[in-house]
Amino acid sequence: MKKIINDPENYLCEMLEGIYVAHKNQITYINNDKQCLVTKNKKEGKVGIATGGGSGHLPLFLGYVGDGMLDGCCVGDVFQSPSAEQMHAITKEIDSGAGVLYIYGNYNGDIFNFDMAAEMADFEDDIRVETVLGADDVASPGPKTPEEKSTRRGVAGIFFVYKCAGAAADKMMDLDNVKRIAEKASWNTRTLGVALTSCVVPRVGHAGFEIGDDEMEIGMGIHGETGIRRGKIEPADQITSEMMERILEDLPFETGDEVAVLVNGLGATPLDEQYIVTRKINAILEEKGIYGYRYYVGEYATSLEMAGLSISLLKLDDELKELLDYPANTPFFKQY
């Protein structure tokens, strides 16, 4: 597959350099390490929120550092975790005395390094760190209660966790309440994706897996993890109906609920097609007596040039609605 790049070894660094040039009024980096990205508009006295993960998913993760959302992000190489030392550096930089909340996807490499960074921040700097995982992918096994540890993958629905927790922190809630909000948003979010093609990691130079020109795979993860089923590609309404059925049954979502909807392109799906799916989602929700309070459509968590999309639903209550509506201004997301 063709790519507009230079040396694949420089892919991450050159991408980050471009981002810092384009968004120099909002973000910068620390310790002369471009992979350690922080907001330029630090708000004293608020809970710091940090995230991180492998690159290749723009605008996830770093695109949500900014006013009303996140304060820092560690960026790993494509589909690779950042180091504990980098995350520790971010933690120290964004702490302003109110503690730090980590929000990141439920992947073993990230968990290992972020837990180590939290221990370093505690022992070396006396910074209290709490953690909430994004674990919204209904294609992977989930917990039966909010208290049970989840083995679910974190995918595009983590955007809702960032949005609600970031608003709570900006409203100067304390760490316990910001964590509570993040946990509630995470538990109330469900996501399912469909992939039509593979993606190409620059250093590898070829597709990570094969999928036929006339095939699709429902439930594939954002790194190419195996989904629920593979079959012949179907019309948009049929694909959407199957995905929505699985999502709605999982929480479950019920008549009378209000939800936020995220239709997320995986990197190579035109907005035209995403809006065709959005139309069908709305029809399904109306039929079931569920109110779509807000719709977000576009690329929020991609997988390089993978063709396909995901659907996320966040079940709302009055508290989450207020936080979802709260203004945000980041390089890749703005809401007024």
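**Notebook: aromatic pairs, pockets, cavities and salt bridges**

I began with Tyr 296, which counts as buried because its relative accessibility is 4%; buried means under 20% relative accessible area, exposed over 50%, and partly exposed in between, with a 1.4 Å probe and protein chains only. I note that this is a predicted model, in which local features need pLDDT of at least 70 and side-chain atom pairs count only at pLDDT 80 or more, while totals for chains, interfaces and linings use all residues. Residues are numbered from 1 along each chain as its sequence is written, and side-chain values use heavy atoms, with hydrogens and water left out.

**Entry 1: aromatic pairs**

I found 13 aromatic pairs in the structure. Rings of Phe, Tyr and Trp (its six-membered ring) pair if their centres lie within 6.5 Å; planes under 30 degrees apart are stacked, over 60 edge-to-face, and the rest tilted. I looked up Tyr 64 and Phe 159: their ring centres are 5.6 Å apart and their planes stand at 55°, so this pair is tilted. Tyr 64 belongs to the loop between β3 (48-55) and β4 (72-78), and Phe 159 to helix α4 (residues 158-170), so the pair ties together parts that are 95 residues apart in sequence. For these labels, helices (H or I, at least four residues) and strands (E, at least two) are DSSP runs numbered from the N terminus. Tyr 64 and Phe 159 are both buried.

I then returned to Tyr 296, which makes an edge-to-face pair with Tyr 300, at 6.3 Å centre to centre and 80° between the planes. Tyr 300 has a relative accessible area of 11% and is therefore buried. I recorded one aromatic cluster that contains both pairs: Tyr 64, Phe 159, Phe 160, Tyr 162, Tyr 296, Tyr 300 and Phe 333.

I also noted a charge over a ring: the charged end of Arg 190 sits over Trp 187, 4.9 Å from the ring centre. The criterion is NZ of Lys or CZ of Arg within 6 Å of the ring centre and within 35 degrees of the ring normal.

I looked up the largest pocket, with a volume of about 480 Å³. It has 17 lining residues, and those closest to its centre are Leu 133, Pro 146, Glu 148, Ser 150 and Ser 186. Two or more lining residues come from each of β6 (129-134) and α5 (175-187). I sorted this lining into six nonpolar, five polar and six charged residues. Ala, Val, Leu, Ile, Met, Phe, Trp, Tyr, Cys and Pro count as nonpolar, Asp, Glu, Lys and Arg as charged, and the others, Gly among them, as polar.

On a 1 Å grid over the protein atoms alone, a cavity is a set of points where a 1.4 Å probe fits but cannot get out; a pocket is an open set with protein on both sides within 12 Å along at least five of seven lines, and lining residues have an atom within 4 Å of a point. Points are joined across faces, edges and corners, and a volume is the space filled by probe spheres set on them.

The second largest pocket holds about 310 Å³. Among its 16 lining residues, Ile 4, Ile 5, Tyr 11, Met 15 and Leu 304 lie nearest the centre.

**Entry 2: cavities**

I found two cavities of 30 Å³ or more. The largest cavity has a volume of about 100 Å³; of its 15 lining residues, Val 155, Gly 193, Met 220, Ile 222 and Ser 310 are closest to the centre. Strand β7 (residues 189-195) gives the largest share of this lining, five residues. The second largest cavity has about 40 Å³ of space, and Met 15, Gly 53 and Cys 73 are among its lining residues. β3 contributes the most to that lining, three residues, and the lining includes no charged residues.

**Entry 3: salt bridges**

I recorded 25 salt bridges, each a side-chain nitrogen of Lys or Arg within 4 Å of a carboxyl oxygen of Asp or Glu. Lys 46 and Asp 71 form one of them, with the closest N and O atoms 2.8 Å apart. Lys 46 is in the loop between β2 (33-39) and β3 and Asp 71 in the loop between β3 and β4, so the pair ties together parts 25 residues apart in sequence. Both Lys 46 and Asp 71 are buried.

I next looked up Lys 184 and Asp 317, whose side chains meet in a salt bridge at 2.7 Å, N to O. Lys 184 is in helix α5 and Asp 317 in the loop between β12 (308-315) and α8, so parts 133 residues apart in sequence are tied together. Lys 184 is partly exposed at 22% relative accessibility, as is Asp 317 with a relative accessible area of 28%.

Finally, I noted a network of salt bridges that links Arg 128, Glu 130, Asp 176 and Lys 179.
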